[in-house]
Amino acid sequence: MIGRGMMAVWVLVALACAAAFGFVTGLLNPGEKVNGLWLVVAASCFYVLAFRFYGRFLARRVLDLNDARITPAHRLQDGTNFYPANKYVLFGHHFAAIAGAGPLLGPVLAAQFGFLPGFLWLVIGAVLAGAVQDFVILVASMRRNGRSLPEIAQDEIGAVTGTATAVAVLFIVVVALAGLGLAVVNALYRNAWGAFTIAMTIPIAVLMGFYLQKFRPGRVGEMSALGVALLVLAVVAGRLVGQSEAAGWFSFERSTLVWLLAGYGFLASVLPAWMLLVPRDYLSTFMKVGVVGLLGLGVIVLAPAIEMPRVTGFVHGGGPIIPGPWFPFLFITIACGAVSGFHALVASGTTPKMIARESHAVVGYGAMLMESFVGVMALIAASVLAPGDYLAINSLLSPEALADMGFPVARLQELSRLVEVDVAGRPGGAVSLAVGMASIFSGLPGMAHLMAYWYQFALLFEALFILTTIDAGTRVARYLVQEMGGRFYAPLRRIGWWPGVLASSALVVGAWGYLIGTGSIATIWPMFGAANQLLGTLALCIGTTVLIKMGKVRYGWVTAAPMLFVGVVTLAGSYELFFWFTAQAALAASDEAFTLYLDAGLVGVVAALAVVVLVDSARRWYGYVVQGRPYRSSEVIVGPGGIPLGGGTSAGGVKISIERCC
């Protein structure tokens, strides 16, 4: 029950949210430019309301979280993959693992359509689709001994869906890691400051891991203070190193960075999670949340005007960054900021193996809302730039061509001078985001002369964001390879079996490292957005099956409704991409044409796999719900002393628990 005082507070938050949305959408003061402050207020209030009411509804009514149940972190504790983590450290790991390049770059690129469509999808999509997917899959995996998404699909739906999901997941995760790795390599290429600071986070994380696990167990506050202090020192020292004679030691070529990145990914995959992966992600979260919070503070203090129109003429297609229309390409471009299939891999990979109490699983919902807020801040940072400057940075069009399109360049040369880098013609979103962030930071009191510093710091921030997804993603991919290989060679299924750990980690790292080294991922990247969203559709589909087998048919709409929307949008996008790739291939040289035809084929295959899963699942739902066919659940729900508390519910109301070894 909510007391009268708290009810009044929530009413005030709801009114502030409604008023802010009124200004953002133009219902209030439609003739004036929108202040960036209103976007922050609208998003923040919306997230707070969603977490308090919708998140609590999901936790209590839909998923029945109960701390009396013993989680796999305790039952299967091995000190390497399974162990109970502090809930704040767990949130740091989960947020850092899911928040990669998507929420930073996707909203920036989607700003081509205007700031309003992207903003609405970021906040509404995250609350009703992305956070729901992450939360449901995290709980489903936690109650199945931390099993992966393909294994859950295999157990709950059947071999056809399980195999289709496994193939789609493995393909998507390798492509994702290669694309993210390429972004890191490009950010740190001949960048001694960034390379030094990123490198220092590794020994700092190892020290934090041993401090919390061995030296001072349970002293999270002490460990956090130590890590943050050393991180700040590393950032400051990085600038000094970059300006000293020692810069040559950290100014790497691309090929060297690929090897170093592959080595780090391998270590993060094979070492105990508490030793490197979790503390480094926790440390990175301080920087991520701190920078995003500082960016939000800058927006609140400066209240910058949003220069980008609410909607541009590119919504119908023909844009210089994204050639297609806003539907469906807006949703594919933003991707991770609103809903991401990649998140389901983390939610069924590392995190469920470290949940100490079932109530801690709410990190799955909260972390997605935090990522969405990151996307909103990235959108604001890009939208405070003059539209002509934004387009000049993110495309190769000349100022004259942009002026003819109605977007004249305003301050491009001045911005290049201030950041000490020529920023024109640097597509991809990273540079325009860094320029926008630096513009906001330098507007704070006493910061006007530090815009070049803030620009480099923003690029470092982006690289750190991406790298924490690579380490967790590599470990998750290793789990997937072992689970799939275990169908043919049983010892591989044991994730603690060292020959399997080393071999599968090397295979995964070798696959994405090869793609980065050859650069071929640059041609595959355009279809990753569609593939990632298709994986999100599959995760919501599997989540619907899980709810049905929990006896929660009446709440099936929680996952089924966003599944239908995301599925329709993404299949439409896949259709558009398939024919765009084939059209481009017909005009390209023979070697480039082969790659484009390959891209078209990959898009088609992933879309076909998604359709197979959806059809197979719908057929089974009809049998369970309409025809009343009995079913079994692979849930493992255990109380104190190892006493089973019941698993999934059959059509006849019989509680079933099937415990399977990980």
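The exercises below, with worked solutions, concern a predicted model.

**Exercise 1.** Classify the packing of helix α1 against helix α6 from the angle between their axes.

Solution. 
- Step 1: Helix α1 covers residues 4-25 and helix α6 covers residues 115-142.
- Step 2: Their axes lie 10 Å apart, at an angle of about 150 degrees.
- Step 3: Angles over 145 degrees count as roughly antiparallel, so α1 is roughly antiparallel to α6.
- Step 4: On the α1 side, the contact involves F21, V24 and T25; on the α6 side, F115, L116, F119, L120 and V123.
- Step 5: Sorted by class, this contact has seven nonpolar residues, one polar and no charged.

**Exercise 2.** Describe how helix α7 crosses helix α23, and state which residues make the contact.

Solution. 
- Step 1: Helix α7 spans residues 149-156 and helix α23 spans residues 528-549.
- Step 2: The two axes come within 10 Å and cross at roughly 45 degrees.
- Step 3: The crossing of α7 past α23 is left-handed.
- Step 4: From α7, the contact uses L149, I152, A153, D155 and E156; from α23, it uses L535, A539, I542, T545, V546 and K549.
- Step 5: The class count for α7 with α23 is seven nonpolar, one polar and three charged residues.

**Exercise 3.** Is T545 buried or exposed, and which residues does T545 contact beyond its sequence neighbours?

Solution. 
- Step 1: T545 sits in helix α23.
- Step 2: Its relative accessibility is 2%. Buried means under 20%, so T545 counts as buried.
- Step 3: With neighbours within four places in sequence set aside, T545 contacts E156, I157 and W621.
- Step 4: The C-alpha atoms of T545 and Y624 are 9.7 Å apart, while the two residues are 79 apart in sequence.

**Exercise 4.** Find the residues with the most contacts inside the largest nonpolar core, then list the contacts of Y455.

Solution. 
- Step 1: The largest nonpolar core has 220 residues.
- Step 2: Those with the most contacts inside this core are F119, L149, Y365, I380, M437, Y455 and W512.
- Step 3: Not counting residues up to four places away in sequence, Y455 touches V419, V421, V423, V431, A434, V435 and A438.

Notes. Residues are numbered from 1 along each chain as its sequence is written. This is a predicted model: local features need pLDDT of at least 70, side-chain atom pairs count only at pLDDT 80 or more; totals for chains, interfaces and linings use all residues. Side-chain values use heavy atoms; hydrogens and water are left out. Axes are lines fitted to C-alpha atoms, for helices over the stretch in contact, and angles run from 0 to 180 degrees between N-to-C directions. Helices (H or I, at least four residues) and strands (E, at least two) are DSSP runs, numbered from the N terminus. A crossing is left-handed if the near helix is turned anticlockwise from the far one by less than a right angle, and right-handed if clockwise. Contact means heavy atoms within 4.5 Å. Ala, Val, Leu, Ile, Met, Phe, Trp, Tyr, Cys and Pro count as nonpolar, Asp, Glu, Lys and Arg as charged, and the others, Gly among them, as polar. A nonpolar core is a set of buried Ala, Val, Leu, Ile, Met, Phe, Trp, Tyr and Cys residues joined through side-chain atoms within 4.5 Å. Buried means under 20% relative accessible area, exposed over 50%, partly exposed in between (1.4 Å probe, protein chains only). Angles under 35 degrees count as roughly parallel, over 145 as roughly antiparallel, 65 to 115 as roughly perpendicular and the rest as oblique.
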